[in-house]
Amino acid sequence: MLQAFARHSRRLGLSMAGLVLLGWPALNPPPEAPLLDAIRARDFLQVDTRNTPTTYYQGRQGPTGFEFELVRRFAERLGVSLSLDSDGNIDDVLDAVRSGKADLGAAALPLDPTLPGIHFSRAIMTLQPLVVYRRGLPPVAEPGKLLGRSIGVIKGSGAGLVLRELQQDSLPGLSWKESADIEVADLLSLVENGELDVAVIYAHQFKLNRLFFPGVENGFLLGDPLSLAWALPADRGLGLLQRVNRFLDEMQADGTLAALSARYFGQDDYLEYVGARTFIQQANARLDTYKDEFLAAARKTGFDWKLLAALGYQESHWKPEATSPTGVRGLMMLTQSTAEQVGVTNRLDPAQSIDGGARYLKSVKQRLPEEIEEPDRTWMALAAYNVGLGHLYDAQKIAEMRGGDPYAWADVREALPLLQKRKWYSQVRYGYARGGEPVIYVRNIRRYYEILNYIERSQQQFFQLNQREPGADDGGLFDVVPPVL
């Protein structure tokens, strides 16, 4: 009966503590708010999380992530500072909450009311399990196709719960592997490299990661959705739990939850996905040839070498002899006048082109109004590299004429395409321009830059995993869940 309740409540997003708050009787109700009082007395909220793209990570502009954004707001609501520990896995997070080392666990945790020592918050978002498989295998499109496949999951993520239900209900021969010491990127890498056939993750995780793993295919949705929730210690009263649930209710009511979900998980452009696959293939084939030149140019100019590499790919696909019909040439596609301005004598020499392109981008960035702050300053410099500074200044003026902020990329981005319309370009100094092109140009560079950042971060974070040879013994990495035949 308890298992049936657990399965039903996971899908409804209810926990034992949640039912108490809804009016179900508690046998021994604990004191109301000792943990909340302790947090206020020490003046900080201790949160344990995981270092993943869907929870918390260090972005280009500092800490970011869906759950980080929420816990930061919650700490502000309590009027205390936020302390984060992101070193552990799911088991570590739950143990820290049980032991009182953490006040709250926010780590992409599935709501599971059968876990001892844990109270779960109300549901934050749904977690839809998804089967993904290696490109080149016969399609894995329904549960029966899982039999005989090497399947991997993250232990404690909830995927194992869904597979266990499937095993008990209809596929007793099903077996899989689980590990607490890997994350979604590890699983997808293992699938892509042939060490696993299949992985079970969540749909939003695949949407966020699919650009970086073009060798992994979308299979099918598995089972009913689970619920993502925060974990709190069960023996420290209900005061903090009540405040958490009230806060999450307010975040849902005012649209913050929906906005954060759309911001982190809402983009899934298939054409960009196809373009990213091509980009990764060409990065693997060509980028190492020019990486030292990009690094040298980055040291001289202060740009991230990966941003310069992304710019070079957008310009020429890293082809040093590229030439446009208008006479723009080289890996960074410099005009003759620009090459002379930055001292490039041979535009087809990749080292000269990369160095000259980086120095020209720096000079453009330095000529922008000082009111433009980062990262908008970089995006506008890239737009000006494409369309010219004069037209960028015109777009800033149009943005201001329309009531926008001429120093904000979001508003200038909206104004640039208007340079193609006589109503607008007739009112500015430099006239007509194909203003839609720099918008697409900057968007593409940002996406390529994001992919290169992800690749570098993954190589650093998962170096030891990536050194394992395909087919190597993974007995130390995974625990095997056997069939129940």
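Modeller: Before anything else, a cut-off: a residue is called buried under 20% relative accessible area, exposed over 50%, and partly exposed in between. This model is predicted.

Biologist: Then take His-317: where in the chain is it found?

Modeller: His-317 is in the loop between helix 12 (305-316) and helix 13 (336-341). Its relative accessibility is 32%, so it counts as partly exposed. The backbone there has a positive phi of about 55 degrees, although His-317 is not a glycine.

Biologist: And Trp-318: buried or exposed?

Modeller: Trp-318 is buried, because its relative accessible area is 1%. Trp-318 also sits in the loop between helix 12 and helix 13. Its phi is positive too, about 60 degrees, and Trp-318 is not a glycine either.

Biologist: Which peptide bond is cis?

Modeller: The bond from Glu-374 to Pro-375 is cis, with omega near 0 degrees. Pro-375 belongs to the loop between helix 14 (350-366) and helix 15 (376-387).

Biologist: How should I read the confidence values?

Modeller: Where pLDDT is low, the predicted coordinates should not be read in detail. In this chain the mean pLDDT is 87, and 87% of the residues reach 70 or more. Residues 1-31 stay under 50, and the model has 49 contacts for them beyond four places in sequence. The pLDDT is also below 50 over residues 461-473, a stretch with 19 contacts beyond near neighbours in sequence.

Biologist: How many helices and strands does the chain have?

Modeller: There are 20 helices and 14 strands. Of the 485 residues, 52% count as buried. The accessible surface comes to about 22200 Å², and 49% of it belongs to carbon and sulfur atoms. Among contacts with a separation of 6 or more, 71% are between residues 24 or more positions apart.

Biologist: What is the idea behind a nonpolar core?

Modeller: In soluble globular proteins, nonpolar side chains tend to be buried together. Here the largest nonpolar core has 95 residues, and Phe-294 and Trp-318 touch the most other members. Leaving out residues up to four places away in sequence, Phe-294 touches Leu-287, Trp-305, Leu-308, Ala-309, Trp-318, Leu-331, Met-332 and Ile-354. Another core, of 53 residues, lies apart from that one; Ala-75, Met-125, Val-198 and Val-200 are among its residues.

Biologist: How do I read the two sides of a helix?

Modeller: An α-helix has 3.6 residues a turn, so residues three or four places apart point the same way. Take helix 10 (residues 256-265), where the buried residues are Thr-256, Leu-257, Leu-260, Tyr-264 and Phe-265. These residues cover an arc of only 125 degrees around the axis, which puts them on the same side of helix 10. On the other side, Ala-258 and Arg-263 are exposed.

Biologist: What do the buried residues of helix 10 pack against?

Modeller: Their partners are strand 3 (62-64), helix 4 (66-78), strand 7 (125-127), helix 8 (203-209) and helix 9 (239-253).

Biologist: How many aromatic pairs are there?

Modeller: Rings count as a pair if their centres lie within 6.5 Å. By this rule there are 13 aromatic pairs. One of them is Phe-279 with Tyr-448, stacked at 4.7 Å centre to centre with 15 degrees between the planes. That pair links distant parts of the chain, since Phe-279 is in helix 11 (residues 270-301) and Tyr-448 in helix 19 (residues 436-461), 169 residues apart. Both residues are buried. Ring pairs also join Phe-279, Tyr-313, Trp-318 and Tyr-448 into a cluster.

Biologist: Which residues does Ala-383 contact, leaving aside its neighbours within four places in sequence?

Modeller: Ala-383 is in contact with Gly-388, Leu-392, Trp-409, Leu-416, Pro-438 and Val-442. Ala-383 lies in helix 15, and at 0% relative accessibility it counts as buried. From Ala-383 to Ile-440 is 57 residues in sequence and 9.3 Å in space, C-alpha to C-alpha.

Biologist: Where is Leu-238 placed?

Modeller: Leu-238 is in the loop between strand 13 (226-233) and helix 9. With a relative accessible area of 8%, Leu-238 is buried. Its C-alpha atom is separated by 8.6 Å from that of Pro-34, 204 residues apart along the chain.

Notes. Residues are numbered from 1 along each chain as its sequence is written. This is a predicted model: local features need pLDDT of at least 70, side-chain atom pairs count only at pLDDT 80 or more; totals for chains, interfaces and linings use all residues. Side-chain values use heavy atoms; hydrogens and water are left out. pLDDT is the predictor's confidence in each residue, from 0 to 100. Contact means heavy atoms within 4.5 Å. Helices (H or I, at least four residues) and strands (E, at least two) are DSSP runs, numbered from the N terminus. Buried means under 20% relative accessible area, exposed over 50%, partly exposed in between (1.4 Å probe, protein chains only). Accessible areas come from the Shrake-Rupley method with a 1.4 Å probe; for residues, only the protein chains shown count as cover. A nonpolar core is a set of buried Ala, Val, Leu, Ile, Met, Phe, Trp, Tyr and Cys residues joined through side-chain atoms within 4.5 Å. The arc is that of the directions from the helix axis to the C-beta atoms. Rings of Phe, Tyr and Trp (its six-membered ring) pair if their centres lie within 6.5 Å; planes under 30 degrees apart count as stacked, over 60 as edge-to-face and the rest as tilted.
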